[in-house]
Protein chains: 2
Amino acid sequence: MRRARTFEDVLAQIERRIVEDGLTPGDRLPGERHLAEQLQVSRSSVREALRVLETLGVVSSQAGRGPDAGAILTARPDSTLTDLLRLHLGLSSLSMREVVQTRMMIEQWSAARAAASRTEESLERLRADLAAMDAAESVAEFVRHDASFHLGIAELAGNRLIAATMRALRAAVEGYAIEAVTRLGDTAGLMADHRRIYEAIAAGDGDAAVAAVTGHLTRTYPDAT
Amino acid sequence: MRRARTFEDVLAQIERRIVEDGLTPGDRLPGERHLAEQLQVSRSSVREALRVLETLGVVSSQAGRGPDAGAILTARPDSTLTDLLRLHLGLSSLSMREVVQTRMMIEQWSAARAAASRTEESLERLRADLAAMDAAESVAEFVRHDASFHLGIAELAGNRLIAATMRALRAAVEGYAIEAVTRLGDTAGLMADHRRIYEAIAAGDGDAAVAAVTGHLTRTYPDAT
DNA sequence: GTGGTTCATGTGGTCTGACCACAGTATGGT
DNA sequence: ACCATACTGTGGTCAGACCACATGAACCAC
C-alpha cells in the first residue's frame, strides 16, 4: 500500500466539504492560503489539489478576484473529456476507430431518443443548423455547423453526460471531419444525409433515424467500423 | 482572451514532445528538475503540469526511482473517468438517472456486439463469473462478480474507450448496486436475468441480448429511465 | 570470485517565503 | 454626486531548502 500524498489528502478533504456542505456550481472555496492553514499543509499541496479539481472540471480559478474570493465551483467536464481523448489518441492508447465507433453508438442512441421526444423548438434549432450549413462559404464554417447539428441531436436526448461525451468525441475527430469534407469535394451528399436524419426525427420514426445516422457516419468515416 | 498560465505552456510542450517523439506507455519523461530547466520555468509549474497529466491518466510518478528516472507514460484513463463521475455526482451537476441511462446505452450496444463476435474463450469468462456469483456467500462478493460479468460483456466488444467508460459507470453506481441487491433480498431473479443475457450472447442473438440487458437494468434500477 | 552490505547520488514530495499582476474596494478630491 | 487614486488580498510564479526513498556502485567478508 502506497502512502497517500499530501495533495491527495487535500483532495479528499475538499471533496468531503463539497458533499457535506452540499456545495453546487457557483459556490466558492476558501482562498488557497486559507485552505492551506485550515488543513495544515503548504500552499503548494493545496494548489496541486486544486489543479486536479480544475482538470476534472469541478473548479475554476482566476487571478485577483478581490477579498473573500477563492476558486469557484463549476460543472465543466467537457474539456476534461476532450483532453483525455486527445492525449490518449496521441499516446496511441486509443485508436481513431474506437472513437468513431463510440460516436456511432452515441449518435444512434441520441437519434432514437430525439425522435421519441422531439419538440417544435428543438427541431427549430436543427433546421437552423441545416440552413447555416447550406449557406456556409467555407469548409471550416460548414464543419462548424455540422458539429452543431450533431451536438443538437445529442443534447435533445436530455442527458448531460452523453452530451458532454459527444462534444468531446466530436472535438477529437475535428481534424478528420475537415479532411473528410475536403476529400468528398461537394457537400450535397452530406446534406442529403442530414436532411434524412432530420426528417426521420421530425417524423418521430426512431428506426429510420438510427438507419439514417448509421449511413451518414459510415459514409463519412469509411475506414472505421 | 485570457493569458495562458505557465503550467499550461508546459503542458503543451510535454504533449508536443509526446506526439513528435512518438512516445508510448512505458517510455519516460525527463525528471522534474530537468524539464524545469529545459523549459525555463520553475519546478512548481512543471509539477502542476505533471499533476494534470497524472489526473488524465497519461503519466505516473513515484518517489525515488534512481537516476535517469522521471514520470512514466501510462494509459490509465479509468480513474480519471471514475473521479469525474463521482465528483460531478457529488456536485449535483450530474444525476444518477443520467449515469444509469448511459450505462443502459453502453450495455445494450456491448451486448449486441458481443453476440455478433463471441468466441469460446470469451464465453468461458462470462460463465466463470456466473458460477462465482452462484457461489458467492456475501452481497459484496456477489456484486463484485456481477460487476465483472457486466464488464466482461463490455470488454468483449473490443473498444477500450467504451470499456473504460463502462468501468467508470459501474464504479459510480457501486453503492446503488449493493443497496439494490440487498433490497431485492434474493438473487434468483438477477441470476435468471444474467443467464438470459448469457444465453442470448452465446446463441449469437443480438436482439435477444439487447432485450435481456434492457430488462435486467430496468428491473435493477427501476427509478431511472 | 561470489554474495551481501553500506553508502553516495538523484529522485519525487513537501515546505517556506518571497514577488508579481490583477480585481475589487475604499479613499480621496473635485 | 462623480471619478481617479491608492490599498488590500488574490491567484500565479519563482527560488531554495529539506525529507524519504529507490537505485547502483563501491566495499567488505567469505
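**Labels and their grounds**

Modeller: Let me start inside chain A, where A:Phe149 lies in helix H7, residues 139–156; please keep in mind throughout that this is a predicted model.

Colleague: Why is A:Phe149 called buried?

Modeller: Its relative accessible area is 0%, and buried means under 20%, so A:Phe149 counts as buried. Leaving aside neighbours within four places in sequence, the residues in contact with A:Phe149 are A:Leu126, A:Asp129, A:Leu130, A:Met133, A:His194, A:Ile197 and A:Tyr198.

Colleague: What makes A:Gly31 buried or exposed?

Modeller: The value for A:Gly31 is a relative accessible area of 14%, and because the limit for buried is under 20%, A:Gly31 is buried. A:Gly31 is placed in the loop between helix H1 (6–20) and helix H2 (32–39) of chain A. Apart from neighbours within four places in sequence, A:Gly31 is in contact with A:Ala69 and A:Gly70. From A:Gly31 to A:Gly70 the sequence separation is 39 residues, whereas the C-alpha to C-alpha distance is 4.3 Å.

Colleague: Why is A:Ala208 called partly exposed?

Modeller: A:Ala208 has a relative accessible area of 30%; buried would require a value under 20% and exposed a value over 50%, so A:Ala208 is partly exposed. A:Ala208 lies in helix H11 (residues 206–220) of chain A, and its C-alpha is 7.8 Å from that of A:Ile197, eleven residues away in sequence.

Colleague: How do you know that A:Ser92 is exposed?

Modeller: The relative accessible area of A:Ser92 is 51%, and since exposed means over 50%, A:Ser92 is exposed. A:Ser92 sits in the loop between helix H4 (78–90) and helix H5 (96–116) of chain A, and although A:Ser92 is not a glycine, it has a positive phi of about 60 degrees.

Colleague: And in chain B, what makes B:Gln40 exposed?

Modeller: B:Gln40 has 67% relative accessibility, and the label exposed asks for over 50%, so B:Gln40 counts as exposed. The place of B:Gln40 is the loop between helix H2 (32–39) and helix H3 (43–55) of chain B; its phi is near 60 degrees, a positive value in a residue other than glycine.

Colleague: Why is B:His216 called buried?

Modeller: At 3% relative accessibility, against a limit of under 20%, B:His216 counts as buried. B:His216 belongs to helix H11 (residues 206–220) of chain B, and beyond its neighbours within four places in sequence it is in contact with B:His150, B:Leu190, B:Asp193, B:His194 and B:Ile197.

Colleague: How do you know that B:His88 is buried, and which residues does it touch?

Modeller: The relative accessible area of B:His88 is 2%, and because buried means under 20%, B:His88 is buried. B:His88 lies in helix H4 (residues 78–90) of chain B. Not counting residues up to four places away in sequence, B:His88 touches A:Leu56, A:Gly57, A:Val58, A:Ala75, A:Arg76 and A:Pro77 from chain A, together with B:Ser93 and B:Leu94.

Colleague: How many residues of the two chains are in contact, and what area is buried between them?

Modeller: There are 54 residues of chain B in contact with 54 residues of chain A. The area buried between chain B and chain A is about 4,600 Å², and carbon and sulfur atoms give 63% of it. B:Leu91, B:Met105 and B:Leu161 supply 15% of the area that chain B buries against chain A, more than any other three residues.

Colleague: How does the radius of gyration of chain A stand against that of a compact globule?

Modeller: Chain A has 22 Å, whereas a compact globule of 225 residues would have a value near 17 Å. The C-alpha trace of chain A spans about 65 × 40 × 35 Å along its principal axes, and buried residues make up 49% of the 225 residues.

Colleague: Finally, what does the secondary structure of chain A come to?

Modeller: It comes to eleven helices and two strands, which run α-α-α-β-β-α-α-α-α-α-α-α-α from the N terminus on.

Conventions:
Residues are numbered from 1 along each chain as its sequence is written. Chains are lettered from A and ligands numbered from 1 in the order in which they are written. This is a predicted model: local features need pLDDT of at least 70, side-chain atom pairs count only at pLDDT 80 or more; totals for chains, interfaces and linings use all residues. Side-chain values use heavy atoms; hydrogens and water are left out. Helices (H or I, at least four residues) and strands (E, at least two) are DSSP runs, numbered from the N terminus. The radius of gyration is taken over C-alpha atoms; the globule rule is 2.2 Å times the number of residues to the power 0.38. Buried means under 20% relative accessible area, exposed over 50%, partly exposed in between (1.4 Å probe, protein chains only). Contact means heavy atoms within 4.5 Å. Buried area is the accessible area (1.4 Å probe) that two parts lose on being put together, summed over both.
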